[in-house]
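Thanks for coming, everyone. I'll walk through a few local features of this model. Please keep the structure open while I talk.

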Amino acid sequence: MIRRRLPLLLSLALALPSAYAAQFTAAELEAARALQARILTLDGHLDTPANFERPDFDIRHDHSGNALSQVDLPRMDAGLLDGGFFTIYTGQSDRSPASLIADRDAGLRRLLAIHTTVAAHHDRLAIARTPAEVAAIKAAGKRVVLISMENASPLQHDPSLLSFYHQAGLRLLSITHTGNNGFGDAGTAEPEWNGLSPAGRALVEQATALGIMIDQSHASDAVFDDLIEMLPVPLVLSHSSAKALYDHPRNIDDARLRQLAAKGGVIHVNAYGGYLVDTGASAERKAAENALEQRLGGWRGMTMASGVELARGYAAIDAEHPVRKATEDDFFAHLEHILKVVGPEHVAIGMDWDGGGGVEGHPDVSQLPRITAWLLRQGYSEQQIAGIWGGNVLRVMAQVQDYAKAQAGK
Ligand SMILES: [Zn+2]
């Protein structure tokens, strides 16, 4: 009996120190890196532009250990991340007339910050507006900046601004963040419009006419249903995970995943810990996190220097109010489930970097070859992995742009 139990206990003990992350051999990681060097590696949702407005952020500097940063050029180089959708994020306001003007200004400032950053580092970065430009930028050895918007609130005061955003590079537009707005309902709020509002439908039509993809992440299931019904083109989820694994309104159920795939769409699997697992975070912990962030100037007002203090503060909160933290294996479980439901042609990666994403064992973009190693271990082909890392979303982008061109030519 003892002889039979000992190896089990021993193997459990050996597994403990690394229980949170799959182990890859040096050869597996080397093969993953070699593969990524040949293909395009894009992320569907990068909150990095929030840092572009911080005076002491330098994208050429490695900000490892800073709680405000998971993406910079040194770590993109290390993780072979070619680029992705850099988002114009605006927190949901109270929707008063004054707030809608403030949201408009916040969106335009963030757009300006993206352009200013790319211009200041034009030897390393370039804005892509079409799939062909994405390929050309990669071929030139630069990093690809696609522009997206998270929460359409900056467009509510004057929706006609969308054509200006399009001219400035916007190619992916989400409806809401965590609260409802004048365009539709968020998944994490009480229904107000039961899907898209009339203004939301008009916005989606305007975006489709311009060749801008629609992103359903953060919006409610009813918005998803409206988009499936009204869109003449596929839609995108820029950062969402599976409701079958964790029943959270930010995740999507299998039936809707199948509808997304049937329409030709793509889901970028998210790595935001609180949506991958039930962390069991108490109200006290959330209040402590909030107080810490406010003490350092609020998320928008913080400098990179305060990000170091923020990391220390989070560590202290972890000690005082421990939670079940999502691990890399939890992320792989969501990825595996979604791959099984829709197939590799409809899956992509959108890890919510610089917006709360990243998990234990996979803290920043420098680790991305681990995902490629996992996909190789699962038996996916180079072509399938190239689709997951960028080909699939570029396929949708081409379809949406071709549709707009064809309609304009009628
Ligand atoms: Zn988000």
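One cut-off before we start. Buried means under 20% relative accessible area, exposed means over 50%, and partly exposed is in between. Also, please remember that this is a predicted model.

Find Q378, in the loop between α16 (369-377) and α17 (382-408). Is Q378 buried, exposed or partly exposed? Its relative accessibility is 36%, so Q378 counts as partly exposed. Now look for E336. Q378 and E336 are 42 residues apart in sequence. In space, C-alpha to C-alpha, they are 8.9 Å apart.

A second pair shows up around H115. H115 belongs to helix α5, residues 97-120. With a relative accessible area of 31%, H115 is partly exposed too. Which residues does H115 touch, leaving aside those up to four places away in sequence? They are I127, I147 and A168. Then there is G169. Between H115 and G169 there are 54 residues of sequence separation, and the C-alpha atoms are 9.5 Å apart.

Start with N194. N194 is not a glycine, yet its phi is positive, about 55°. You'll find N194 in the loop between β5 (170-174) and α8 (198-210). N194 is exposed, because its relative accessible area is 58%.

Now D354. Here phi is near 65°, again a positive value in a residue other than glycine. D354 is in the loop between β10 (347-349) and α16. Buried or exposed? D354 is at 6% relative accessibility, so it counts as buried. So we have positive phi at N194 and at D354, with N194 exposed and D354 buried.

On to the strands. Look at β2, residues 83-89. Six of its seven residues are buried, so β2 is largely enclosed by the rest of the structure. What pairs with β2? On one hand there is β1, residues 42-46, joined to β2 by three bridges. Those two strands run parallel. For a landmark, take L42, whose bridge partner in β2 is G83. On the other hand there is β4, residues 143-150, joined to β2 by seven bridges. That pair is parallel as well. G83 turns up here too, standing opposite V144 in β4.

Last topic, helix packing. Two packed helices are described by the angle between their axes and the distance between the axes.

Pair one is α9 with α10. Helix α9 covers residues 221-230. The axes of α9 and α10 come within 11 Å and cross at roughly 25°. The two helices are therefore roughly parallel to each other. The crossing of α9 past α10 is left-handed. Who makes the contact? From α9, D221, F224, D225 and I228; from α10, R256, Q259 and L260. By class, that contact of α9 with α10 has three nonpolar, one polar and three charged residues.

Helix α10 is residues 254-262, and helix α15 is residues 328-342. They pack at about 55°, with axes 9 Å apart. That angle makes α10 oblique to α15. This time α10 passes α15 in a right-handed crossing. On the α10 side, the contact uses D254, L257, R258 and A261. On the α15 side, H337, I338, V341 and V342 take part. The residues of this contact of α10 with α15 divide into five nonpolar, one polar and two charged.

The crossing of α12 and α14 is right-handed. From α12, the contact brings in R285, A288, E289, L292, E293 and R295. These meet E309, L310, G313, Y314, I317 and D318 in α14. The class tally for the contact of α12 with α14 is five nonpolar, one polar and six charged residues.

That's my tour. Over to you.

Terms used
Residues are numbered from 1 along each chain as its sequence is written. This is a predicted model: local features need pLDDT of at least 70, side-chain atom pairs count only at pLDDT 80 or more; totals for chains, interfaces and linings use all residues. Side-chain values use heavy atoms; hydrogens and water are left out. Axes are lines fitted to C-alpha atoms, for helices over the stretch in contact, and angles run from 0 to 180 degrees between N-to-C directions. Helices (H or I, at least four residues) and strands (E, at least two) are DSSP runs, numbered from the N terminus. Angles under 35 degrees count as roughly parallel, over 145 as roughly antiparallel, 65 to 115 as roughly perpendicular and the rest as oblique. A crossing is left-handed if the near helix is turned anticlockwise from the far one by less than a right angle, and right-handed if clockwise. Contact means heavy atoms within 4.5 Å. Ala, Val, Leu, Ile, Met, Phe, Trp, Tyr, Cys and Pro count as nonpolar, Asp, Glu, Lys and Arg as charged, and the others, Gly among them, as polar. Buried means under 20% relative accessible area, exposed over 50%, partly exposed in between (1.4 Å probe, protein chains only). Two strands pair if DSSP finds at least two bridges between them.
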